[in-house]
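Open the model in your viewer and keep the selection panel at hand. Each stop below gives a selection and then what is there.

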Amino acid sequence: AQYKGKVVLVDFWATWCGPCMEELPNIKAMYEKHHESGFEVVGVNLDDNLGRVGAFVSTQGLQWPQLVSDAGQEHPIANYYGVYQLPSTFIIGRDGKVTATDLFGDDLKEELERLLSEGN
């Protein structure tokens with residue numbers, strides 16, 4: 001409910017995932033640029049070491065919420081949505097519907113900017 005009317009990126013990631021770490025600067029830049037325009041990020045972390053996740057989030061200055069579980073890759077949310085590879089992303093439009101999955105880099109940026117400009 002708190003994200004109603006916003007564009008949301010749900011990002012499934014882990015600190016041990018190389019491609020996740022490569023994509024992180026892109027997500028951070030988009031968040032910083034578009035957060036005031038209604039863009040939110042929710043991270044779903046699949047590490048099994050909660051201390052490592054907390055330290056990483058703090059060191060990296062990640063400002064969005066992180067859903068963590070000591071279940072690692074068996075995270076209940078990842079299991080529920082059938083996420084078996086990382087990174088995995090879901091973009092949810094202002095209407096609450098998933099508009100795209102597994103977009104990264106320029107493709108993610110273009111979809112995000114499209115959704116924000118349409119007021120979708």
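**Stop 1: Glu40**

Select Glu40. It is buried, with a relative accessible area of 10%. Buried means under 20% relative accessible area, exposed means over 50%, and partly exposed lies in between (1.4 Å probe, protein chains only). Glu40 sits in strand S2. Helices (H or I, at least four residues) and strands (E, at least two) are DSSP runs, numbered from the N terminus. Now show the contacts of Glu40, meaning heavy atoms within 4.5 Å. Leaving out residues up to four places away in sequence, Glu40 touches Tyr3, Lys6, Val7, Val8, Leu9, Tyr31 and His35.

Before moving on, note that this is a predicted model: local features need pLDDT of at least 70, side-chain atom pairs count only at pLDDT 80 or more, and totals for chains, interfaces and linings use all residues. Residues are numbered from 1 along each chain as its sequence is written, and side-chain values use heavy atoms, with hydrogens and water left out.

**Stop 2: the sheet**

Switch to cartoon and select the strands. Five of them form an open sheet in the order S3-S2-S1-S4-S5, with mixed pairing. Strand S3 (66-67) and S5 are at the edges, each with a single partner strand, so one side of each has no neighbour in the sheet. Two strands pair if DSSP finds at least two bridges between them. Strands of a sheet pair through backbone hydrogen bonds, either parallel or antiparallel.

Select S4 next. Four of its five residues are buried, so S4 is largely enclosed by the rest of the structure. On one pairing, S1 and S4 run antiparallel, joined by five bridges. Pick Val8: its bridge partner in S4 is Ile92. Ile92 also stands opposite Val98 in S5.

S4 and S5 pair in the antiparallel sense over three bridges. Phe90 has Thr101 as its bridge partner in S5. Follow the chain around the turn. S4 and S5 form a hairpin with five residues between them. Stop at Gly96 in that turn, where phi is positive, about 85°.

**Stop 3: the core**

Which residues have the most contacts inside the largest nonpolar core? Select Phe12, Phe39, Leu86 and Ile91. The core has 34 residues. A nonpolar core is a set of buried Ala, Val, Leu, Ile, Met, Phe, Trp, Tyr and Cys residues joined through side-chain atoms within 4.5 Å. S1, H1, S2, helix H2 (50-60), S4 and H4 each give two or more residues to this core. The largest share, six residues, comes from S1.

Zoom in on Phe12. Residues up to four places away in sequence aside, Phe12 touches Cys20, Val44, Ile77, Ala78, Val83, Leu86, Pro87, Ser88 and Phe90.

**Stop 4: the disulfide**

Move to Cys20 and show its sulfur. A disulfide joins Cys17 to Cys20, with S to S at 2.4 Å. The criterion is a pair of cysteine sulfur atoms within 2.5 Å. A search of the whole structure finds one disulfide. Its S-S torsion is about 80°, so the disulfide is right-handed. Cys17 is buried at 4% relative accessible area, and Cys20 is buried at 5%.

**Stop 5: helix H4**

Select residues 105-118. These 14 residues make up helix H4; at 1.5 Å a residue they should span 20 Å, and the end C-alpha atoms are 20 Å apart, which agrees. The expected span is 1.5 Å times one less than the number of residues.

Colour the buried residues of H4: Leu108, Glu111, Leu112, Leu115 and Leu116. Seen down the axis, they fall within an arc of 130°, so they line one face of the helix. That arc is taken from the directions from the helix axis to the C-beta atoms. Now turn to the face away from the buried side, which carries the exposed residues Asp106, Glu110 and Ser117. The cover over the buried residues of H4 includes strand S1 (7-13), helix H1 (18-34), strand S2 (39-45), strand S4 (88-92) and strand S5 (98-101).

**Stop 6**

Is Ser69 buried or exposed? Ser69 is buried, with a relative accessible area of 15%. Ser69 lies in the loop between S3 and H3. Apart from residues up to four places away in sequence, Ser69 touches Asn45, Asp47, Leu50, His75 and Pro76.

Finish at Tyr80 in helix H3 (residues 76-81). Tyr80 counts as exposed, at 67% relative accessibility. Draw a C-alpha to C-alpha distance from Tyr80 to Val57: they are 24 Å apart in space and 23 residues apart in sequence.
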